[in-house]
Amino acid sequence: MSDTSSKALEFASRAVFYEPEEHSQSISYPIYMSANFQYGGDIYDQIVAGARKEVNIYSRCGNPTEYKLEEHIAQLTGGTACLATASGMAAISHALFGILKAGDHIVADLTTYSSTHEFFDHRAQDFGLKVSLVDCSDVRAVENAFTPETKVLYVEAIANPTMKVPPLRKLVEIAHARGIVVICDNTFASPAVCRPHDFGVDVVVESATKFIGGHNDAVGGVITLKSDILPKDWLEDVRWNTLNKLGAPLSPFNAWLLLRGAQTLALRLEKQCANALALAKHLEAHPAVKRVFYPGLPSHPNYASASEQLIGGGAMLSFQVDDEACGVRLLKRMQLCSFAASLGGLRTTTQVPATMAFLDIPSQEREAMGVVDGLVRFSVGIEHINDIIADVDQAIALMHVEL
């Protein structure tokens, strides 16, 4: 493989393949469990002369296992560079702080992950940032929200938890015409389902904890870059002047776990997407379900955008039942599927967003985002689809019965 670029391979092959470790030729990249590195030979002189990634300094500044993960994720996403962080929220905050300064304006989708929404809704103002929250599936609304101070447009490839899919190509076009950087959170899709850089997005952030890792055993985040607006070395600037100063590096062990998980990404998502589509179709025909939100269904309001941007409909879906109490009872009665906070793992995991992830957001605000009471979110796993459906059906049948 040494004379063949991995970029010429199909995605599934690129997910599996990376060059072995140089010195040992190990096909499983080593975990460099070291916080510190000795300045032997001329390393000190190189650092003083300006060397950074070329030498090992200190694991808050970077670690060889982390660098290997970054290299692998960059080529999976189609990015030119990648920076790993301690969590998905660290990826989001470091990407934003690497661009913005006090007085700058952000246009962001009203419907985003709860912690992201809370950051935009009030925490950003503590840093002198101005934020406009709009429905980013409405291109005209986004355009009208731009001001001369707008520096960033922020969207999610598949919105958490409503499954909204914004038209990335059109949004990039109107943003780039004004020199505005587009950041897209791709967590709900993963690079196996959506590659936002292909549609002109400048910066992609993901919680690698979710589908990239895929096993619910490691927390981490990634930022990838492919942009004509930002400098080519922008992520290295973020590494040294933002991440290194705020202190959110990825641990070497988690970097290794996420690198290992990424190798099965294509395989897992193929099964998970097929299961999600089958479950969505089943739920759409279920008399006790009021509405299903899944980008792979023609009934989805953004089906046209989803068909263009997503490879399969993804592994995430949500559906609405009578009220929050019914949703909670439904999930408490699941036997195979897990009632849990996170997503993206091998097992099917479920939650009620209104009183879990979005609990701290006022109810009126939640409803405006589409996070209504009775909304149930599923991250569909790799179990046999018949068993998933049987578990869901027995739980729905009991959702009106008090526990």
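**Exercise 1.** Find which residues of helix 4 meet helix 8, and class them.

*Solution.* Start with the contact list: His94, Ala95 and Phe97 in helix 4 touch Trp234, Val238, Thr242, Leu243 and Leu246 in helix 8, where contact means heavy atoms within 4.5 Å. Helices here are DSSP runs (H or I, at least four residues), and strands are E runs of at least two, numbered from the N terminus. Next, sort by class: 6 residues are nonpolar, 2 polar and none charged. Nonpolar covers Ala, Val, Leu, Ile, Met, Phe, Trp, Tyr, Cys and Pro; charged covers Asp, Glu, Lys and Arg; the others, Gly among them, are polar.

A word on the source: this is a predicted model, in which local features need pLDDT of at least 70 and side-chain atom pairs pLDDT 80 or more, while totals for chains, interfaces and linings use all residues. Residues are numbered from 1 along each chain as its sequence is written, and side-chain values use heavy atoms, without hydrogens and water.

**Exercise 2.** Work out how the axes of helix 4 and helix 8 cross.

*Solution.* Take the axes, lines fitted to C-alpha atoms over the stretch in contact, with angles from 0 to 180 degrees between N-to-C directions. For helix 4 (residues 88-97) and helix 8 (residues 234-246), they come within 10 Å and cross at roughly 115 degrees. Helix 4 is therefore roughly perpendicular to helix 8, a label for 65 to 115 degrees. Finally, the crossing is right-handed, meaning that the near helix is turned clockwise from the far one by less than a right angle.

How values were computed:
Parallel < 35°, antiparallel > 145°, perpendicular 65-115°, else oblique.
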